[in-house]
Amino acid sequence: MVPVRERLLDAGQALLFEDGFKVLNRGLNVAEIAARAEVSEKTFFATFGDKGRYVEELLVRFNRPPAPRAGTVVDVVEQALAETKGDPRCLLRTVSTWNYELLRGDPATLMQLATLVLGRGHQGAMRRLRQTYAAYDEAGVRVYRSMLARWSASLRAPFTPEQLAVVLTALVEGLCLRHLADPDAVPDTLLGDTVVALVGALLDPEQGHGHVDDAIAPLADEVVRAYRVDRLDGLPENPRNAVIAAARHEFAARGYYATTPDHIAARAGVPLTVLRQLFPVKASIVVGALRPGCGELRSLLDDDLALGVAPRHLLRRHLERLAAFTLGNREFAEALVMAVVHDTATDDTADGISREIDLAGMLVPVVEAGRARGDFGADHDPATLARTLTHSTLLHCLTHRGGTAAEHVDAVEALALHGLLARAAPDERGPR
């Protein structure tokens with residue numbers, strides 16, 4: 001026999017869902033709940049103490065696990081793979097249909113909605129709801145990662161499997177809700193068709209670090225160009241700054257290598273020929289963006305040298321400025337590293353960037369001054385030390401998203417200047 005507590009909770013839930021207007025008008029009635037559960041009001045209060053505790057427990061109960069499924073999502077996907085012979089379109093439609101029919105007939109969907117409507121101010125109910133959604137997301141992410149690996153594809157930025165899980169859960173729940181209100185507006189095939197369209201736009205089969213904007217890029221580029229010509233009467237007022245601003249946006253969204261001059265020209269609202277005249281190669285945009293800040297770094301460093309600031313103190317001041325410069329120009333600093341490290345040997349682009357944006361070279365006089373005073377050791381070439389400190393600062397700023405300029409320099413100093421070992425015994429030093 002069903003326990004009394006469960007019967008009372010079932011009765012309250014049934015009253016809410018069967019005649020919500022009556023409950024909204026008069027409130028939950030203890031006598032009606034007890035009668036529906038076939039117990040006395042005295043038993044109700046003996047079980048819960050008071051109506052407030054009953055309501056709290058009822059809210060939390062709205063987020064019970066979903067109804068038992070004929071098979072887990074993994075089992076459904078594996079079966080669908082066999083039935084559809086691996087065709088992604090058929091697979092997505094088959095799994096979507098299964099998910100839609102499951103949620104449409106599962107009272108848990110309505111119960112979760114009731115939690116949002118009735119219990120948003122109740123911490124326990126909302127925590128339970130978040131846990132429920134987290135379980136849905138975890139199951140979805142496992143499947144999406146498996147399918148991406150099977151298809152040898154990745155998702156276009158900025159989407160991740162975790163975000164895709166949130167979106168698809170919201171999509172199927174939204175269609176289930178609309179179906180409850182207006183069944184004719186939601187044909188059974190709508191979810192599957194939508195998922196095929198969505199996933200088709202998000203998939204990057206070439207794994208080329210594509211961006212979701214690429215799915216609509218041909219149309220967007222033509223519309224933007226037409227808009228610029230029709231409405232702005234030609235070029236932006238400052239084409240150079242417009243190109244640099246557009247490159248910053250595209251590098252942040254796509255990364256340096258996935259961004260093409262066409263992407264930048266379309267966003268900047270300039271013809272590609274104009275962009276080429278201003279910046280012959282993509283790397284020259286990086287130089288144009290970083291040159292002013294680089295010049296300021298050099299000027300401040302030269303002033304400190306002229307004023308006789310102690311090398312040890314000057315080194316710290318410069319590295320903090322370099323870290324602040326990197327954090328403020330993250331998109332172009334990342335592009336600088338990519339261009340210098342990966343450009344081909346037959347292209348002098350990397351050498352050109354290194355000459356124009358010589359962040360390491362400007363530190364050499366500081367190291368030399370420190371060696372002359374005996375502050376720095378003489379075991380290594382000043383240029384090598386300058387490159388090591390500069391590159392370590394750049395990479396630490398780019399690979400650690402949080403932290404201030406001073407905190408990044410603290411980390412670099414801890415290893416590059418103070419070393420990793422607390423001490424080194426003579427027999428641990430090895431041959432010289």
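1. A polar contact, as the term is used here, is a pair of N or O atoms within 3.5 Å; within protein, one must be able to donate a hydrogen and the other to accept it. The side chains of Gln-79 and Glu-83 meet this criterion, being joined by a polar contact of 2.9 Å. Please keep in mind throughout that the model is predicted.

2. As to overall content, the protein has 22 helices and two strands. Of its 432 residues, 40% are buried. Among contacts between residues at least 6 apart in sequence, 69% join residues at least 24 apart. The protein exposes about 24,100 Å², and carbon and sulfur atoms supply 56% of that area.

3. Gln-79 belongs to helix α6, which spans residues 73-84. This helix of twelve residues reaches 16 Å from its first C-alpha to its last, close to the 16 Å expected at 1.5 Å a residue. The C-alpha atoms of Gln-79 and Val-95 are 9.6 Å apart in space, while the two residues are 16 apart in sequence. Just after α6, Lys-85 takes a positive phi of about 55°.

4. Which residues of α6 are buried? They are Val-73, Val-76, Val-77, Ala-80, Leu-81 and Thr-84. These residues lie on the same side of α6 because they cover an arc of only 140° around the axis. An α-helix has 3.6 residues a turn, so residues three or four places apart point the same way. Ala-82 and Glu-83, on the other side of α6, are exposed. The cover over the buried residues of α6 includes α7 (88-104) and α9 (123-151).

5. In α22 the buried residues are Ala-405, His-408, Val-409, Val-412 and Glu-413. They cover an arc of only 135° around the axis, which puts them on the same side of α22. Their packing partners are α17 (311-328) and α21 (382-399).

6. Is Glu-250 buried or exposed? This residue of helix α13 (residues 239-254) has a relative accessible area of 4% and is therefore buried, the cut-off for that term being under 20%. The side chain of Glu-250 makes a polar contact of 2.5 Å with that of Arg-254. Not counting residues up to four places away in sequence, Glu-250 touches Gly-255, Thr-259, His-263, Ile-264 and Arg-267.

7. The largest nonpolar core has 49 residues, of which Val-243, Phe-251, Ile-264, Leu-359 and Leu-363 touch the most other members. Helix α16 (residues 282-306) gives the largest share of this core, nine residues. A second, separate core of 29 residues includes Val-76, Ala-80, Val-195 and Val-199. Val-76 and Ala-80 are also among the buried residues of α6.

8. Leaving aside residues up to four places away in sequence, its contacts are Val-243, Ala-246, Ala-247, Glu-250, Phe-251, Thr-259, Leu-275 and Ile-285. Val-243 and Phe-251 are, with Ile-264 itself, among the members of the largest core that touch the most others. Thr-259 is also one of the residues that Glu-250 touches.

Methods. Residues numbered from 1 in each chain as written. Predicted model: local features only at pLDDT ≥ 70, side-chain atom pairs only at ≥ 80, totals over all residues. Heavy atoms only, no water. Buried < 20%, exposed > 50% of the residue type's maximum accessible area, 1.4 Å probe, protein only. Arc of directions from axis to C-beta. Contact = heavy atoms within 4.5 Å. Core = buried A, V, L, I, M, F, W, Y, C linked by side-chain atoms within 4.5 Å. Areas by Shrake-Rupley, 256 points an atom, 1.4 Å probe, with all protein chains shown as cover. Expected span 1.5 Å × (residues − 1).
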